[in-house]
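Here is a protein model to read with some care.

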Amino acid sequence: MARQILPVADRAQVRAYARRLALKYPKQLGGALALHALGAIAGLAGPLLLGQLVEAVSTGAPIDVDTLVLAFAGFVIAQAVLIRFAVYASSALGERVLAELREEFVDQVLALPLSTVEKAGSGDLITRTSRDVDALSRTVRQAVPETLIAVVTGVFMLGGLLIVAPLLALPSLIAVPLLWISTRWYLKRARDGYLRENAAYADMTEGLAETVEGARTVESLGLHDRRRARTDTDIARSFAAERYTLGLRMVWFPAVEMGYVIPVAATVLFGGLFYIEGWVTIAQVTAAILYVQQLVDPLDRLLSWIDELQVGGASMARLLGVANVRDDRVSTGVQADGEELRATDVRYAYRDGHDVLHGIDLDIRPGERLAMVGPSGAGKSTLGRLLAGIHGPRTGTVTVGGAPLVDLPLDELRGHVALVTQEHHVFRGTLRDNVLIARPDATDPEVRRALEAVDAWEWVSAMGLDTVVGSGGTAVTPAHAQQLALARLVLADPHTLVLDEATSLIDPRAARNLERSLAAVLDGRTVIAIAHRLYTAHDADRVAVVEDGRISELGSHHDLVAAKGAYAALWDSWHGKSR
Ligand code: ADP
């Protein structure tokens, strides 16, 4: 099931944004449209000249064919040149708008609160950044300019027709109701039809993949029939969905094709009649038929891009929706006064109405080592993330030096507390950049000191700070990657670290080396360790036992063992086992 927590913009917002985007460069837009208009005007000359030729031939009037042909050629060339520049101008504008759209989107994505990203899962965001951006770029690059061109050309063709022979515009009107009604009919059903088709297809793929991945389970539990039945149902649903949209096309396409042919036929027919009646000249009929014929192309384009525009609109709604995420931290300008981290009556819920922390009070003394122990699922990691300011508490406060963590700007917060996890992503860039992420204004000597502190300077200097690493660059071993992550911490220099042992430093081959690097980072800082190995708790200044979202015991190892409570039991069983 797709979790969709990131919002989607509504129609009004998309429309307002599209308007703003369209009018952002009025000069360039006006220029491109003017060029297209001139091209269309040049295209109007051809039929007129041909009309004259036909007129001259049929009445036997004298005519300078050479000049006519020359003029004809001139207009064709002029049209080609104008259209070339028109397409260039509109493409350049499209690319520019697209580039800005992308940049804006990237800014918004990067500004997303971490808690939202985690809740939404990466799937939705990745789909938005890849599929939706692609769909939107197709719209901006092709659908919008093509539609505009079609509209401009169509309007001028129609204008030409009305000027040359207003009477001959009437027969084309026969097709309007046909095109209008059939297209409306189609569009009303198409969106849902295609959505259903995609969904049915996704279901089928998912079911098949599941069967293949779980082949052993299927075999051992004898689930063959059930899996086959599910696949059959999926195929049937997908088939029905495809049939439905095919049915829609079977109605719409012929209707549209007829809508194209009918005006031409009607103009020929009525043109002949009007000519016999003496209402129009043969030159007018010729030009009118050619105009109507030429109107088909822009009309066809217009209709075929309507779908695409809708797809683009849907993608745009999803991209714009990202901007609707409410920020979970507002820097209020409060200043931290001191280094003391304090949680007061903290409650937190991942889902509304389901608190996982129930009123936690905890003062952490500067410089102390606090170990958090307790059964899995008790809320240790959650509390750790709150103490690192990643999530804000639902009620209650987490403060550093009196300032709520969520009121501090991110870069300032990171100077106070940081969460140390196993995540040791190496970003594409130089080794220097990889360390500088923590504090972009740091100097080379500072970077060097940070790397020295975690025992990484030797290999980094051997490679050179300018070596490009990350995807596509020089490979970095996991242990080295972790050292880089630790060097970032040293550079950011927070006075307090929240350390999740379960997820940090688990590569046993590199463990010894990394323990040293980590010890260097921890030295002189306040450390809150989510302890999974009880000797961490044994060595800590204080131990907090977290049970069911509450701190049930708090004290030094010796006090807690002497108290013979939950911790003592835990220690006994662990100690007993390890002996
Ligand atoms: P611990 O670290 O002690 O194992 P956690 O803080 O990870 O405990 O989990 C506390 C409770 O919160 C558990 O019931 C867990 O299922 C729930 N929980 C943890 N992370 C999430 C999440 N991202 N979304 C929803 N529930 C979560």
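Q: Why are Asp297 and Arg301 separated by about one helical turn?
A: Asp297 and Arg301 are 4 residues apart in helix 9 (residues 282-321), so about one helical turn lies between them; a helix here is a DSSP run of H or I with at least four residues, numbered from the N terminus. This is a predicted model, in which local features need pLDDT of at least 70 and side-chain atom pairs count only at pLDDT 80 or more, while totals for chains, interfaces and linings use all residues. Residues are numbered from 1 along each chain as its sequence is written, and side-chain values use heavy atoms, with hydrogens and water left out.

Q: What makes the pair of Asp297 and Arg301 a salt bridge?
A: The term requires a side-chain nitrogen of Lys or Arg within 4 Å of a carboxyl oxygen of Asp or Glu. The closest N and O atoms of Asp297 and Arg301 are 3.5 Å apart, and therefore the pair forms a salt bridge.

Q: What do the side chains of Asp493 and Arg525 form, and which parts does the pair tie together?
A: The side chains of Asp493 and Arg525 meet in a salt bridge at 2.7 Å, N to O. Asp493 lies in the loop between helix 15 (478-492) and strand 9 (496-500), and Arg525 in the loop between helix 16 (508-522) and strand 10 (526-530), so the pair ties together parts that are 32 residues apart in sequence; a strand is a DSSP run of E with at least two residues.
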